[in-house]
Structure formats: structure tokens, C-alpha cells
Amino acid sequence: MAAVETTEDIVEGAEHPSDSTRPPQPTPCPPVDVSYPIKVIYCGECGMPPEYCEYGPCYDKCKLWLENHLPELASRLNLIADDITDEDKKKRQTRGGKALVKSKKKSDPQMVKIYRVHRNKKKYVTMVTGLKSFDIDLKVATKLFAKKFAGGSSITNTDEIVVQGDVSDELYDLIIETWSEIDDDKIQNAGDAKR
């Protein structure tokens with residue numbers, strides 16, 4: 001008869017065959033060279049630990065403060081030798097600031113196009129595009145159109161102004177009178193368009 005292993009046959013403290021495949025569990029002991037409570041040093045400029053100063057808002061001021069007050073820590077963190085070049089400053093985004101904006105190439109002035117767009121039943125709005133290519137401030141133009149035509153006027157896209165009402169013919173004349181840099185042949189009355 002074959003011997004069947006029962007729970008009585010397993011001796012307490014004896015190593016079970018499946019225990020040898022388990023990795024040893026780490027002991028939760030503190031390192032020997034650490035003394036408690038741990039004293040954390042904070043930067044006098046940004047208020048963060050010196051290891052994180054480079055990610056803060058005023059890295060240059062932090063470097064100077066560390067060099068003056070904690071030179072051994074600054075040399076250990078290689079902050080003294082780590083000088084930022086002008087190119088790095090341009091690439092690095094400052095806190096609360098905007099990223100480096102690429103300047104757009106100036107193109108030749110395009111055409112100013114005036115459209116009449118059907119709104120509902122007998123109502124129309126007039127759209128003007130292309131004023132920005134002539135370096136005309138769209139806010140000023142919008143206020144002028146609203147005042148002249150006694151109706152609403154708004155900027156809808158980066159280079160599009162919508163004026164309430166069918167004022168395309170009057171708008172054509174107003175643009176020529178107001179802005180001398182726009183010639184007669186640079187304005188196109190495109191007629192009806194769909195939104």
C-alpha cells in the first residue's frame with residue numbers, strides 16, 4: 001500500500017518543498033547609518049530640498065543661495081559647475097510663462113474677402129476675412145464696424161470678423177476709406193457663402 005502524506009506527517013518548523021521556491025522576504029529594518037529624526041535641509045529661495053531646486057521657478061537664485069550658504073552641498077550636487085547656457089534658457093520653460101513661441105514669417109498681404117452668409121429667413125450676416133494679413137488690429141476693426149453699422153460685430157476666428165446684417169457693399173467702401181494700405185484690387189466681394 002502506498003503511503004499517503006497527512007497533516008500529521010508534516011512536522012512543524014520543517015521546510016516544506018514549496019518554501020524553497022519562494023523568495024526570501026526582506027526584513028523591515030532601518031539602515032544602520034541613518035539617525036532619526038532625519039534632518040532635511042531646505043533651500044532659502046524656493047523652500048524645496050536642494051535636490052529639487054533645478055525643477056523650481058528660480059533655479060539661478062537657488063544656485064547662488066546654495067553656493068553662499070551651503071558650498072559643500074552645492075559642490076556635491078554639481079550645481080557650481082552646472083552653468084546654463086543662453087540656448088538652454090531659451091529652451092527651458094519658466095513657471096507661469098509661455099513656451100518659446102516661434103515667430104511667424106511675414107507673408108505678402110493677401111486678399112480681403114467679404115461674404116454674405118444667410119442666417120435664417122430674411123436675415124444675413126456679413127463675414128470679412130484677410131484683414132490680419134495687412135497688420136490691421138481686428139479688435140479696432142470690430143469696434144469700428146459695430147459703431148458704423150449700429151449692430152453687433154465680433155471676431156470668430158483668427159482672421160474672421162462677423163458683422164450683423166447685410167452690409168457688404170457699405171463695408172467695401174468703409175474698408176477703402178479707413179485703411180489706405182488696402183487697395184481697391186485687394187478687396188473681393190465674394191457674394192453669398194455658406195457657414
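**A residue and its helix**

Reply: Thr142 lies in helix α4. Please keep in mind that this is a predicted model.

Me: Is Thr142 buried or exposed?

Reply: Thr142 is buried, and its relative accessible area is 9%.

Me: Which residues does Thr142 touch, leaving aside those up to four places away in sequence?

Reply: With those left out, Thr142 touches Ser153, Ser154, Ile155 and Ile161.

Me: Which other residues of α4 are buried?

Reply: Besides Thr142, the buried residues of α4 are Leu138, Ala141, Phe145 and Phe149. Viewed down the helix axis, the buried residues of α4 fall within an arc of 100°, so they line one face of the helix.

Me: Why would residues spaced like that point the same way?

Reply: An α-helix has 3.6 residues a turn, so residues three or four places apart point the same way.

Me: What is on the other side of α4?

Reply: Lys139, Lys143 and Lys147 are found there, and they are exposed.

Me: And what covers the buried residues of α4?

Reply: The cover includes the strands β3 (153-157) and β4 (160-164), together with helix α5.

Me: How many residues does α4 have, and how far does it reach?

Reply: α4 has 12 residues, and from its first C-alpha to its last it reaches 16 Å. That is close to the 16 Å expected at 1.5 Å a residue.

Me: What comes just after α4?

Reply: Just after α4, Ala150 takes a positive phi of about 50°. Ala150 is found in the loop between α4 and β3, and it counts as exposed at 74% relative accessibility.

Me: Where is Lys121, and is it buried or exposed?

Reply: Lys121 is found in the loop between β1 (112-120) and β2 (123-129). Lys121 is exposed, with a relative accessible area of 77%.

Me: Let us turn to the aromatics. How many aromatic pairs does the structure hold?

Reply: The structure holds 1 aromatic pair. The rings are those of Phe145 and Trp179; their centres are 6.2 Å apart and their planes stand at 85°, so the pair is edge-to-face.

Me: Which parts does that pair tie together?

Reply: Phe145 lies in helix α4 (residues 138-149), and Trp179 lies in the loop between α5 (168-178) and β5 (187-193), so the pair ties together parts that are 34 residues apart in sequence. Both Phe145 and Trp179 are buried.

Me: Which ring has a charged residue over its face?

Reply: Arg116 lies over the face of Tyr124, at 4.0 Å from the ring centre.

Me: You mentioned α5. Where does Asp173 lie?

Reply: Asp173 lies in helix α5 and is partly exposed, with a relative accessible area of 42%.

Me: Now the cysteines. How many disulfides are there?

Reply: A search of the whole structure finds 0 disulfides.

Me: Finally, the chain as a whole: how many helices and strands?

Reply: The protein chain comes to 5 helices and 5 strands. Read along the sequence, these follow the pattern α-α-α-β-β-α-β-β-α-β.

Me: How much of the chain is buried, and what share of the contacts is between residues 24 or more positions apart?

Reply: Of the 195 residues of the protein chain, 24% count as buried. Among contacts in the chain with a separation of 6 or more, residues 24 or more positions apart account for 48%.

Notes: Residues are numbered from 1 along each chain as its sequence is written. This is a predicted model: local features need pLDDT of at least 70, side-chain atom pairs count only at pLDDT 80 or more; totals for chains, interfaces and linings use all residues. Side-chain values use heavy atoms; hydrogens and water are left out. Rings of Phe, Tyr and Trp (its six-membered ring) pair if their centres lie within 6.5 Å; planes under 30 degrees apart count as stacked, over 60 as edge-to-face and the rest as tilted. Helices (H or I, at least four residues) and strands (E, at least two) are DSSP runs, numbered from the N terminus. Buried means under 20% relative accessible area, exposed over 50%, partly exposed in between (1.4 Å probe, protein chains only). A charge sits over a ring if NZ of Lys or CZ of Arg is within 6 Å of the ring centre and within 35 degrees of the ring normal. The expected span of a helix is 1.5 Å times one less than its number of residues. The arc is that of the directions from the helix axis to the C-beta atoms. Contact means heavy atoms within 4.5 Å. A disulfide is a pair of cysteine sulfur atoms within 2.5 Å.
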